[in-house]
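I opened my notebook to work through this one a piece at a time. Here is what I looked up, in the order I went.

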Amino acid sequence: MVMSFFQFCFRNGRRLLVVSMVIGWGILGYGQITGSPAEIPWPEVAAAEAACTYGQMATHLRRRAQQAQAWTRAERMAYHQLRAEQALRFLEPDSAVVHLMAGKALLDETASLAAWQGRYLGAMGRLSAQQGNYGAAEALLIEALAWWQQQPTPGLGLIEAHLDLADVWRQDLAIDRALDGVWTARRLMQTLFPEGEYASPAVQRTAARIDLTLAAIFTRIGRTVVHEQVTGLSTLASRDSASHYLARAQATWPRTDTLGRAQTGVVAGEYALYYQGGGTAFWAAIDTLEAIAATYPGRVVAAAIDAAKLRSGYHLAFTGDTEAGLVATRRALALQRQVFGSAHPALVPMSYMAVAHPFRASFEGNRVKDGIGPAVFDTYLDSLLLMTQRLAPGWQASRLDPLPPASAITNRDYYLKVLDMRVKCAYWRAKLTEAPADHALTWRLVEGFLALIGDELRQNPHVYRLENTLQVAEMTLTLALGIAYERYQETGAPIYWETALAVMECNRALLLRKRQLVQRLYIAPDTAGLQAWTMPALRQQFTAPDQGLVSLFRYPGFQTFALVLTADTAAFLDIKDVWGTADSVHVCLTDQWLATLWGRLQPPGEGPADSLAQAAHRVYTHLWQPIVEVAGGLPPRLLVIPGPQLEALPLSLLLDSLPAAGTPFAQWPYLGRHHAFSYAYSLESLHLQAARPVRAQGPWLGVAPAFGPADSQAFAFRGDRFAPRPLVYHEGEVKAIAAMHPQADLLLGPAATKVAVREALGRYAYLHLATHAWVHSQRPDSSFVAFSNLGAGGEDFRLSLAEVYDLDIPAQLLVMSGCATAQGPLQPGEGLASLSRAFFAAGVRSVVASLWPVHDGATAHLMPTFYDGLAAGLPKDQAIQAAQQAFLQTANPRWHHPAYWGAFQVYGDVAPVPFGQGDGWRWGWLLLALALGLVAWAAWRRLS
């Protein structure tokens with residue numbers, strides 16, 4: 001059942017996940033703050049610092065220390081500050097702490113030393129960053145930056161302060177803030193030191209550091225799965241930017257600055273590993289680092305550590321050579337222990353790698369290798385528990401109390417990875433022992449893992465932090481789903497059903513929040529974290545005697561899990577082998593609409609029609625029938641959350657029995673005859689929409705643009721990418737619907753331009769777009785809805801998916817009767833990147849959209865019937881069900897194939913709307929009250 005988790009892990013997700021974990025741990029900061037208004041009192045030391053000759057500076061400082069008895073306070077302050085900064089550059093944190101504390105004592109003694117305050121705060125911030133405590137580092141560096149900004153004369157110190165803060169933000173995955181910080185530093189550099197005037201080695205070093213920080217940021221962007229769909233930066237742009245700035249940095253570092261060159265080698269190795277999968281550039285970077293370490297033994301230990309890290313990550317991600325990976329990991333750990341001791345948080349990343357290498361080697365396919373018993377996993381768990389204690393200083397680690405309080409954790413990224421591995425190790429140990437205590441520990445860790453992700457959603461509103469969380473969590477969330485399934489089958493306790501739903505919603509919430517952050521969409525305060533759903537709350541909000549909830553979830557290579565909830569039952573299913581058959585239904589339908597274009601659609605029981613019937617019944621047998629049997633029947637109305645892999649499946653078209661050959665399409669036993677389906681992208685998205693204020697009231701807007709020259713041949717389908725062809729029936733469709741509503745407005749023909757529609761979108765409660773739409777299979781943000789292309793000046797007529805996300809549309813209902821408006825390329829974890837999802841995110845409460853290209857004439861016949869149902873007071877899901885069933889009774893038999901009428905689905909809120917009623921009922925009551933008043937007045941006059 002859950003065993004296939006590791007098959008997927010090793011075959012499909014290994015490279016991206018491991019590279020993201022290993023190389024993304026960041027680069028220890030080597031930069032120094034210069035340009036202090038306080039003069040260094042010793043010319044030879046100042047000259048060595050300005051020339052970046054660190055060995056000479058150390059020699060001069062040691063000589064000056066012999067004169068300590070004659071020093072002034074300013075000289076003592078300068079000595080301790082310079083020694084601390086040098087210790088930080090050479091990864092000597094203990095020495096740095098000693099000198100920083102001595103300097104702090106001097107700063108506290110007298111205000112005359114305040115000129116050193118910025119350098120002291122910057123050094124303290126870099127020390128916290130070295131220790132992995134990014135929260136403390138950020139606070140200190142912000143204070144340092146504020147100090148530098150108060151100085152009357154800006155200099156390199158201010159630029160370096162911006163870069164230090166940008167480095168911390170980059171390592172903490174606040175990539176947007178990091179980019180802002182480094183661009184600010186670059187603008188200051190260009191203002192203070194015009195390019196070409198970098199005579200001083202210190203200025204050269206700062207210029208090189210700006211370029212290197214940009215290269216590191218762009219490399220991190222390229223390593224992110226999101227790419228152009230979310231960030232606006234494609235993989236190619238990230239690669240080219242990183243290469244450009246990396247080359248500039250390599251050319252700019254002063255020759256004597258060995259530490260700067262070592263830092264360049266780290267980023268070059270990371271760049272080569274991600275973009276080139278290793279290769280000559282990767283090994284050249286490692287050779288450079290190791291050469292620097294060999295040239296300066298005992299001093300540039302950071303270069304040797306980084307070289308070992310790169311080797312370890314390479315073997316884990318690409319070669320699978322456990323022994324070689326462990327050799328590199330142990331070397332890095334030994335060097336780190338020399339620097340940090342044995343209990344420092346900085347040891348956690350490589351300690352984690354020391355577990356990850358043998359852990360992966362413990363499996364063969366999807367099972368634990370023969371001869372590997374619980375004791376092996378005990379070793380892993382003990383190591384991971386020790387790492388947890390390092391990340392939460394002061395917390396006493398225990399198997400019985402395995403989770404530290406969130407307030408005690410110094411680095412959440414490391415902790416997420418460690419807790420992720422703890423869940424996996426505990427699960428496999430419990431599989432081997434079947435001991436209740438081991439199952440209990442596994443479940444406790446799963447609960448902690450979900451709580452941590454929920455806290456991430458609350459605490460870290462940065463798109464790359466969410467992406468990193470998603471990459472780490474994806475596989476363990478699937479494993480957690482399997483664990484919840486096993487526990488539910490054993491006990492039937494609601495907590496496991498509710499946790500399984502939380503797991504399903506977790507991935508959706510991460511992707512939804514990421515899109516919201518990038519597009520600055522509405523986030524309700526009470527949904528800032530992961531929404532906690534209980535069965536009673538779900539029943540109150542989403543079920544009724546005639547309503548039920550079905551949540552489906554699946555990753556490629558795994559089973560499909562289904563959660564079912566009705567007013568009186570709950571079910572949890574593990575459904576196997578559904579993906580290929582589910583996909584076949586959509587393939588049949590999207591293929592067969594092409595046949596209609598050429599008039600070649602075959603009758604029932606022949607060719608494609610027979611393949612559709614076979615596929616629709618096969619999916620029913622594999623997917624839906626088990627749900628019906630376990631749930632003991634389903635109510636007539638169902639809210640379905642299909643999950644990312646099943647969004648393209650039209651459940652209403654499944655067949656609960658196989659029709660005999662030659663049975664007319666109108667008589668096929670569609671599931672939609674018995675159930676009215678509605679769909680949602682996640683429960684959180686519904687909750688977010690419910691929390692949004694409703695502003696648009698009353699009127700309805702119908703849009704039917706004009707396309708192409710008047711003498712063009714009419715086009716049968718509402719989708720054309722480059723030059724949308726004229727449609728015939730769409731204008732009659734919106735006019736027929738407008739006749740039902742007392743407050744209807746129309747944008748027809750050439751008047752239905754993109755500009756006119758954008759201006760109108762925020763003013764209407766109901767919107768109907770009868771037009772062309774196009775889905776871009778490679779770049780979903782370029783998918784669009786088309787409006788009139790007859791405007792003067794050749795103005796843009798495409799409203800793209802990316803533009804829709806930037807709109808605020810407070811409508812109650814949007815109907816998009818164009819082609820494939822609910823379709824789009826499948827995004828990892830998120831589902832289909834469709835136009836309907838974009839309009840839903842822009843604020844529309846309910847969206848009616850299509851799963852494949854739709855026929856112009858058939859759609860114009862179907863849509864007015866849907867509005868008839870709304871006007872009769874039907875909920876939206878039952879209105880679309882009634883319209884489709886009526887279509888089979890009234891439409892031309894050549895349109896009875898489901899490709900003509902089955903594409904439309906309802907997303908979001910399904911509550912009835914007062915469509916077609918307008919304010920007429922208010923006037924009716926007013927007239928009735930007036931008439932009754934007149935009758936009463938006449939009766940009173942008669943009696944008086």
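T53 sits in the loop between α2 (43-50) and α3 (54-65). Helices (H or I, at least four residues) and strands (E, at least two) are DSSP runs, numbered from the N terminus.

Ground rules, for the record. This is a predicted model, in which local features need pLDDT of at least 70 and side-chain atom pairs count only at pLDDT 80 or more, while totals for chains, interfaces and linings use all residues. Residues are numbered from 1 along each chain as its sequence is written, and side-chain values use heavy atoms, with hydrogens and water left out.

**Entry: the whole chain**

I noted 33 helices and 18 strands in the protein chain. The chain has 944 residues, of which 61% count as buried. I also looked at contacts between residues at least 6 apart in sequence: 75% of these join residues at least 24 apart.

**Entry: α15 against α16**

At what angle do helix α15 and helix α16 pack? I read about 165 degrees for α15 (residues 322-340) and α16 (residues 348-361), with their axes 9 Å apart. Axes here are lines fitted to C-alpha atoms, for helices over the stretch in contact, and angles run from 0 to 180 degrees between N-to-C directions. That angle makes α15 roughly antiparallel to α16; angles over 145 degrees count as roughly antiparallel, under 35 as roughly parallel, 65 to 115 as roughly perpendicular and the rest as oblique. The crossing of the two is left-handed, that is, the near helix is turned anticlockwise from the far one by less than a right angle (clockwise would be right-handed).

From α15 the contact takes T322, G325, L326, T329, A332, L333 and Q336, and from α16 M350, S351, M353, A354, H357, P358 and A361. I sorted them by class and got eight nonpolar, six polar and no charged residues. For the classes, Ala, Val, Leu, Ile, Met, Phe, Trp, Tyr, Cys and Pro count as nonpolar, Asp, Glu, Lys and Arg as charged, and the others, Gly among them, as polar.

**Entry: α19 against α20**

Helix α19 (residues 436-459) and helix α20 (residues 463-491) have axes that come within 10 Å and cross at roughly 145 degrees. This crossing is left-handed too. By class, the contact of α19 with α20 has 12 nonpolar, four polar and three charged residues. Among the α20 residues that meet α19 is T476. I checked T476 on its own and it counts as buried, at 1% relative accessibility. Its C-alpha atom is separated by 9.8 Å from that of V503, 27 residues along the chain.

**Entry: salt bridges**

I searched the whole structure and found 29 salt bridges, each a side-chain nitrogen of Lys or Arg within 4 Å of a carboxyl oxygen of Asp or Glu.

- D378 pairs with R429, the closest N and O atoms being 2.6 Å apart. D378 lies in helix α17 (residues 374-391) and R429 in helix α18 (residues 412-433), so this pair ties together parts 51 residues apart in sequence. Both D378 and R429 are buried.
- R637 meets D877 at 2.9 Å, N to O. R637 is in strand β6 (residues 637-641) and D877 in helix α31 (residues 876-890), 240 residues apart. R637 is buried at 8%, and D877 is buried at 1%.
- K735 meets E731 at 3.1 Å, N to O. They lie four residues apart in helix α26 (residues 730-738), about one turn of the helix. K735 is partly exposed at 41%, and E731 is partly exposed at 28%.

I also traced one network, in which salt bridges that share partners join R126, E160, D164, D167, R170, R205 and R209.

**Entry: positive phi**

Which phi value does L91 have? I read a value near 55 degrees, positive in a residue other than glycine. L91 is in the loop between α4 (73-89) and α5 (93-109), and it is buried at 2% relative accessibility. E434 has a phi near 55 degrees as well, and E434 is in the loop between α18 and α19.

Note on methods: Contact means heavy atoms within 4.5 Å. Buried means under 20% relative accessible area, exposed over 50%, partly exposed in between (1.4 Å probe, protein chains only).
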